Amino acid sequence: MNKWYASLGKEADTVVSTRIRLARNLAGIPFPSRMTAEQRRQVNEQVRDALFADTTLGKQFKYLEMETLPDITAEAMVERHLISPAFAARREGKALLLSEDESVSIMLCEEDHIRIQVMEAGLAPEEAYRTANAIDDALSARLTYAFDERLGYLTECPTNLGTGLRASLMLHLPALEASGGINRLAATVSKIGMTVRGTYGEGTKPVAALYQVSNQVTLGISEEAAIENLRAIAAQAIQQERALRSSLDPDGIEDAAYRALGTLKFARAVTSQEFMELISQVRLGVAMGVIKDLPLATVEELMISAGPASIQAAEGKPLDPAERDKARAKLARERL
Amino acid sequence: MLCEKCGKNVATTHIKTSINGVVESHHLCADCARLSHAVQNQFGLSDLLGTFFGEGVKTVPYADKRKRCPGCGSCFDDIVASGRVGCGQCYETFLEQLLPSLQRMHGKAVHAGKRPRAEEAAPTRESELEALKEQLRAAVNAEQFEEAAALRDRIHAMEEEGKDHE
Ligand SMILES: [Zn+2]
Ligand SMILES: [Zn+2]
């Protein structure tokens, strides 16, 4: 079965992916940071059984006990955005329910008892929410959630109280970044309870012009309103990015995109950071129609498979950094 | 094409400017483009959390400091120290202490979203009225008088409606 990122979504020229996350906890059991090993096992099994009891949904998931997985497999899952880095780092007593196409992952005993996450290619917050909501309904038909009339779904961190919903978009904004427009976007976004962050970067320097926009406020706002806000911000960012792209010098774009493509096609060793900068240029070239015979979906798939752990998982053995850079270059050559 | 500023890196940012009819092209590398615009990373969740419990601590009277949650045994200091709430019952136990922080973070501290299936049938007139009254108090406190007036009208309407049914 094809993975979700191998298909192309809406507004793919600027929107890489959509992610919806719902945080839920079971009533009467302490939150994960205060749980015993026995309580973790209980929660994992109760949620698993509740999902598997649903005749249609149950069939689509497999249940994984995280501590049985090798480090590389868990880290590769982080690179594919299936689980959080913290979940991969401390796997004891944690479990994962994963759908076959990897678009849905349910982390058990992460920061909350249940974290339902749905990924979609491109701009699709409504679709992703619908999927997450159906899973939530199926679980809550068989489980009793910690819920309060006034505070909504109760969560370990008060930042998630209320809907427990985090809706985010991964945007590719090279032109907006180059024009210095990210700060303005961030200012607009923060006014309606949302935030913009650079992704893939270490510290303050964003890599590959990838930015994540997500809602910050979860209490006092409905799921629909939060998603509407996200859509409104997306519309604004997409429109600005497109306008700026069309004002760029096309000869320069073409040169840069083909230089990046050339490097990726012929290089013998590429670091993760260099890879992301190059693939970002290629992505812009493909999205603007400058590079013609390369499907955008191929670029997306390559982007998600080139992290250090994914490279090692694909090779089936641990590699030192120099070997990884060679393997990454080989992967890029083969795919492009 | 190499960056026109540093001459070292490949130019990846191509800007065309048109000032008074004079069109100019600039070709910069990512580093030089960033330097010229200083793209700054945005505030994230951790900053919000850093200030989250700050004020609540001082306002808790001494007697309350020894209060423990019947669900998980946490006291309010445990929550402040870890930044994590112990269990669902903690919210009930320490609601008063938590509310100022919740309101700072979320604004209106009244749930407006989905409800679990088991309670779906339950949004009774009473609970809805209670929520509206809470919103009214918040609006008055925040001096949002237009919103407050609208809320007050809705509450009146609901109370009138209630009388008709009795
Ligand atoms: Zn330069
Ligand atoms: Zn508690």
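Across the interface of chain B and chain A, the rule finds 4 salt bridges. A salt bridge here is a side-chain nitrogen of Lys or Arg within 4 Å of a carboxyl oxygen of Asp or Glu. One side-chain pair that meets this way is A:Asp136 and B:Lys114, at 2.5 Å, N to O.

This is a predicted model: local features need pLDDT of at least 70, side-chain atom pairs count only at pLDDT 80 or more, and totals for chains, interfaces and linings use all residues. Residues are numbered from 1 along each chain as its sequence is written, chains are lettered from A and ligands numbered from 1 in the order in which they are written, and side-chain values use heavy atoms, without hydrogens or water.

The size of an interface is often given as the accessible area lost when the parts come together. Chain B and chain A bury about 5,000 Å² between them. Of this area, 56% lies on carbon and sulfur atoms. Buried area is the accessible area (1.4 Å probe) that two parts lose on being put together, summed over both. In chain B, B:His106, B:His111 and B:Lys114 lose the most area to chain A. Together they make up 15% of what that side buries. The contact (heavy atoms within 4.5 Å) takes 55 residues from chain B and 65 residues from chain A.

Now the helices of chain A. Helices (H or I, at least four residues) and strands (E, at least two) are DSSP runs, numbered from the N terminus. Axes are lines fitted to C-alpha atoms, for helices over the stretch in contact, and angles run from 0 to 180 degrees between N-to-C directions.

| Helix pair | Angle | Axis distance |
|---|---|---|
| H11(A) (residues 296–305) and H13(A) (residues 321–335) | about 165 degrees | 11 Å |
| H12(A) (residues 308–315) and H13(A) | roughly 80 degrees | within 10 Å |

The angle makes H11(A) roughly antiparallel (over 145 degrees) to H13(A). In this contact, A:Thr298, A:Glu301, A:Leu302 and A:Ser305 in H11(A) meet A:Leu331, A:Ala332 and A:Arg335 in H13(A).

For the second pair, the angle makes H12(A) roughly perpendicular (65 to 115 degrees) to H13(A). A:Pro308, A:Ile311, A:Gln312 and A:Glu315 in H12(A) meet residues of H13(A), including A:Arg324 and A:Leu331.

Elsewhere, A:Gln39 is found in helix H1 (residues 37–52) of chain A. A:Gln39 touches A:Ile29, A:Pro30 and A:Arg34, not counting residues up to four places away in sequence. A:Gln39 and A:Ala23 are 16 residues apart in sequence and 18 Å apart in space, C-alpha to C-alpha.

How values were computed:
Parallel < 35°, antiparallel > 145°, perpendicular 65-115°, else oblique.
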